[in-house]
Amino acid sequence: MMRGMNREDATTIFERIATLLEMQGENPFKVRAYRTGAEVVESFSGDIMKLAAENQLAGIKGLGEALRDKLHEMATTGRLEFYEKLKAEFPDTIFELFDVQGLGPKKIAALHAELGVSSIADLRRACESGEAAKLSGFAAKTVEKILESIAFREQHASEFKLDQVHALVQQILEELREHPNVSQAEICGSFRRGKETVHDLDFLVSTKQPEKVIEYFVTLPQVVDVIAQGATKASIHATHGIQCDLRAVASKEFPFALMYFTGSKEHNVAIRQRALNRGWSLNEYAFTEVPDHADAPVIPPVHDEADIYRALDLDFIEPELRENKGEIEAAEHGGLPRLVQLENLRGVFHNHTTASDGKASLREMADAARELGLQYLGISDHSKSSFQANGLDEKRLLAQIEEIQALNAELDDFHVFAGCEVDILKDGSLDFSDEIMARLDYVVASVHNVFNLPEAEMTKRVIRAIENPHVTMLGHLTGRLLLQRPGYAINVPAVIDAAAETGTIIELNASAWRLDMDWRWWRLAKEKGVKCSINPDAHSTQGLQAVIYGIKAARKGWLTRNDVINCLPMEEVKMALGAKRQR
Ligand code: DGT
Ligand code: CA
Ligand code: CA
Ligand code: ZN
């Protein structure tokens with residue numbers, strides 16, 4: 001079945017139409033009609049896209065006939081011809097401006113009309129020359145924020161999020177493994193180490209026919225252009241413009257090359273030093289004896305990566321841990337953790353439905369979670385202050401709890417937990433009363449607005465929220481959006497301490513945009529006894545798949561299944577959710 005557009009996309013399109021029309025100098029009433037239309041679509045209580053699909057929009061205040069028709073078209077076809085045509089009248093670069101944080105549609109229109117700004121490059125020039133500051137509505141602070149946002153984007157311009165590359169990696173590995181001359185194929189580099197973003201992808205194969213395999217690689221369907229091609233290596237650009245390197249080695253070199261190209265560089269340097277200390281040099285092809293080293297032991301045979309570590313008297317170090325952050329010392333004395341695996345997950349919390357800003361209904365989400373082999377699903381739609389996300393008020397929340405109870409009565413061997421993603425307000429109070437939260441199985445508390453508080457104030461705000469006994473877990477701790485905006489200023493160790501003291505779980509938000517709390521903090525959290533919940537923050541059935549990224553990040557944070565509450569079976573997880581209220 002073809003899916004129409006969701007509310008969020010339709011809102012964005014109306015907003016963009018308003019801005020584009022404004023740039024063209026259209027009649028202000030027409031511009032305002034689209035802007036109002038966007039607000040109506042965004043805040044309408046009820047499934048406006050469903051009504052649009054069924055032509056049931058008549059009588060809704062703020063939506064004239066022209067807009068109703070357009071909504072119908074979007075809801076039924078998933079696109080809008082009028083918008084496509086309008087868009088085509090502008091340079092593509094104009095849309096870069098819409099992604100700049102702190103730059104709303106009104107400002108974009110003013111910049112375009114007054115200064116002819118139609119790309120990020122133009123915008124930077126206008127800000128740096130002082131021209132932008134002369135426009136009304138552009139305080140010095142605004143201009144400064146815009147420049148910061150441009151710099152952040154540029155700094156991360158050559159990085160990719162995991163959702164942009166994950167499927168590509170699987171496809172290319174599959175294609176390489178299908179080739180008759182390939183005996184082994186692996187992905188190395190930062191991707192294998194589970195980094196939250198990657199610069200490029202490093203593939204490795206073992207083969208006796210490197211030229212044939214290289215020739216095959218550069219003609220794969222995902223290849224956009226070939227950067228370089230040699231006898232044993234090649235580099236290409238693939239989908240989204242990401243660079244993919246391929247190395248071809250002989251079978252006996254494969255474990256050495258796999259370890260070398262997995263990195264990290266810092267891990268490799270430390271391992272190489274360890275080899276040198278016993279009289280062996282180690283490179284991407286082999287161990288070799290250092291000449292004149294008097295008492296070097298005999299080099300043992302190596303068939304896989306584990307043999308390399310074993311030869312150096314180390315336990316096997318999982319790729320995610322190879323950052324030279326204590327993993328080598330731990331591997332000397334059996335001190336490495338047994339890392340959590342995707343198969344250990346029994347359920348997921350923090351998921352949205354059409355009741356707020358999700359694309360799938362409660363039942364569709366439950367069916368999808370069950371199909372993934374999970375035993376339980378936690379729903380946590382937004383609370384009322386998140387009006388831009390159609391957050392639920394008390395009445396709608398209580399109705400949803402009843403809907404969930406009815407669904408549970410129907411389902412055997414699967415359970416839906418009734419939760420809510422409750423906004424942490426500016427002063428650290430919560431969007432719902434204790435009385436309302438007490439009706440829920442669990443609460444995820446998150447910051448969704450007022451990001452610009454000083455660090456001390458933001459820290460106090462979040463700590464006040466987690467001191468509430470009904471706050472089961474803390475959502476996306478820093479609010480960062482990878483490659484788009486840094487997190488807000490907050491003292492993470494202080495929050496971890498408070499979570500430990502109050503028995504609050506911290507979320508590992510698994511969305512490829514977030515991966516927040518960051519993997520670099522989890523060892524500290526675990527040391528303090530804080531539990532993790534790997535939360536997909538799914539806004540669609542597809543969104544549940546984000547747990548894959550969350551597992552990578554959890555592994556990178558040294559977490560085991562015992563550290564992650566959603567590895568618990570049904571009865572135990574119920575107790576874990578209730579534990580804080582019982583304290
Ligand atoms: P990125 O930036 O996301 O691509 O990160 P990586 O770690 O994938 O970095 P990349 O692609 O430059 O190199 C892949 C691996 O190759 C790296 O993790 C370790 C290894 N490697 C690359 N250059 C060197 C080097 O100069 N010395 C050592 N020891 N290892 C290197
Ligand atoms: Ca790489
Ligand atoms: Ca590379
Ligand atoms: Zn959220």
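## Two packed helices

Ala10, Ile13 and Phe14 in helix α1 meet Leu67, Lys70, Leu71 and Met74 in helix α4, where contact means heavy atoms within 4.5 Å. This is a predicted model, in which local features need pLDDT of at least 70, side-chain atom pairs count only at pLDDT 80 or more, and totals for chains, interfaces and linings use all residues. Residues are numbered from 1 along each chain as its sequence is written, chains are lettered from A and ligands numbered from 1 in the order in which they are written, and side-chain values use heavy atoms, with hydrogens and water left out.

Helix α1 covers residues 7-23 and helix α4 residues 65-77; they pack at an angle of about 135°, with their axes 11 Å apart. Helices (H or I, at least four residues) and strands (E, at least two) are DSSP runs, numbered from the N terminus. Axes are lines fitted to C-alpha atoms, for helices over the stretch in contact, and angles run from 0 to 180 degrees between N-to-C directions. The two helices α1 and α4 are therefore oblique to each other; angles under 35 degrees count as roughly parallel, over 145 as roughly antiparallel, 65 to 115 as roughly perpendicular and the rest as oblique.

## The five-stranded sheet

Five strands form an open sheet in the order β2-β4-β7-β6-β5, with mixed pairing. Its edge strands are β2 (182-187) and β5 (223-229), each of which pairs on one side only. Two strands pair if DSSP finds at least two bridges between them. On average, neighbouring strands of this sheet are turned by 25° against each other, direction ignored.

Strand β5 pairs with β6 (residues 233-238) in the antiparallel sense over five bridges, and Asp225 stands opposite His237 in β6. Helix α11 (residues 210-217) lies across β2, β4, β5, β6 and β7, at about 165° to β7. Helix α12 (residues 254-262) lies across β2, β4 and β7, at about 175° to β4.

## The calcium site

Donors are N, O and S atoms within 2.8 Å of the metal (3.2 Å for Na, K and Ca); water is not among the atoms, so sites may look incomplete. Asp200 lies in strand β4 and Asp245 in strand β7, so the pair ties together parts that are 45 residues apart in sequence. Asp245 is buried, with a relative accessible area of 19%; buried means under 20% relative accessible area, exposed over 50%, partly exposed in between (1.4 Å probe, protein chains only).

Asp200 also coordinates the calcium ion (ligand 2), which is 3.8 Å from the calcium ion (ligand 3).

A second open sheet has seven strands in the order β10-β11-β12-β13-β14-β15-β16, with parallel pairing. The edge strands here are β10 (347-348) and β16 (532-535). Strand β11 (residues 376-382) and β12 pair over seven bridges, and Leu377 stands opposite Val416 in β12.

The zinc ion (ligand 4) has Glu421 (OE), His448 (NE2) and His476 (NE2) as protein donors, at 2.0 to 2.3 Å. Glu421 lies in strand β12 and His476 in the loop between β14 and α20, so the pair ties together parts that are 55 residues apart in sequence. Glu421 is buried at 1% relative accessibility, and His476 is buried at 1% relative accessibility.
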